[in-house]
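Here's a quick walk through one model, starting with its aromatic side chains and moving on to its strands. Take a look at it first.

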Amino acid sequence: MPETVKVHSSASLGASFADALAVKDFDQIRGLLHPEIDFRGLTPSRNWEASDPEALIGSVLRQWFEDSDVIEELEQVETDSFADRERVAYRFRVRNPEGLFLVEQQVYIAERDGQIGWMRSLCSGFRPIEEG
């Protein structure tokens with residue numbers, strides 16, 4: 001069972017996003033995203049931007065976690081709130097044809113009309129780990 005540390009709401013938008021991404025439930029993610037989301041992300045090799053749920057899902061998330069990437073476990077989720085933002089950190093164990101990896105993301109979000117309206121994400125990239 002992944003370790004979960006939650007401050008304030010036990011069902012935060014950030015934790016819900018991490019849970020849905022862990023199982024690649026893009027319909028659930030779509031429901032969490034405001035139609036006019038302002039998204040920017042940074043991975044080790046490029047910057048990403050999206051301004052609507054379909055672009056975020058199709059041009060970003062499905063590129064980050066391709067069909068061949070099997071997310072075996074959501075190892076950790078940590079959320080916190082400050083001012084008008086929520087911070088969520090999550091770590092996945094991912095297996096693909098190249099091996100076993102850990103992927104960690106730090107995300108800041110702001111709520112708009114009960115959905116994620118603003119999001120900034122920093123990703124560690126796929127970090128190889130030994131099987132054991």
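## Aromatic core and strand pairing

Phe17, Phe65, Tyr90, Phe92, Phe101 and Phe126 make up one aromatic cluster. Rings of Phe, Tyr and Trp (its six-membered ring) pair here if their centres lie within 6.5 Å; planes under 30 degrees apart are stacked, over 60 edge-to-face, and the rest tilted. That rule gives eight aromatic pairs. Phe65 and Phe92 are edge-to-face, because their ring centres are 5.5 Å apart and their planes sit at 80°. Phe65 is in the loop between helix H3 (53-64) and strand S4 (70-82) and Phe92 is in strand S5 (residues 85-96), so the pair ties together parts 27 residues apart in sequence. Helices (H or I, at least four residues) and strands (E, at least two) are DSSP runs numbered from the N terminus. Both Phe65 and Phe92 are buried (under 20% relative accessible area with a 1.4 Å probe, protein chains only).

This is a predicted model: local features need pLDDT of at least 70, side-chain atom pairs count only at pLDDT 80 or more, and totals for chains, interfaces and linings use all residues. Residues are numbered from 1 along each chain as its sequence is written, and side-chain values use heavy atoms, with hydrogens and water left out.

Now for the strands, which pair if DSSP finds at least two bridges between them.

| Strands | Sense | Bridges |
|---|---|---|
| S2 (residues 33-43) and S7 (residues 115-123) | parallel | six |
| S6 (residues 99-112) and S7 | antiparallel | eight |

Leu33 stands opposite Ile116 in S7, while Gln105 has Cys123 in S7 as its bridge partner.

Technical notes: Buried means under 20% relative accessible area, exposed over 50%, partly exposed in between (1.4 Å probe, protein chains only).
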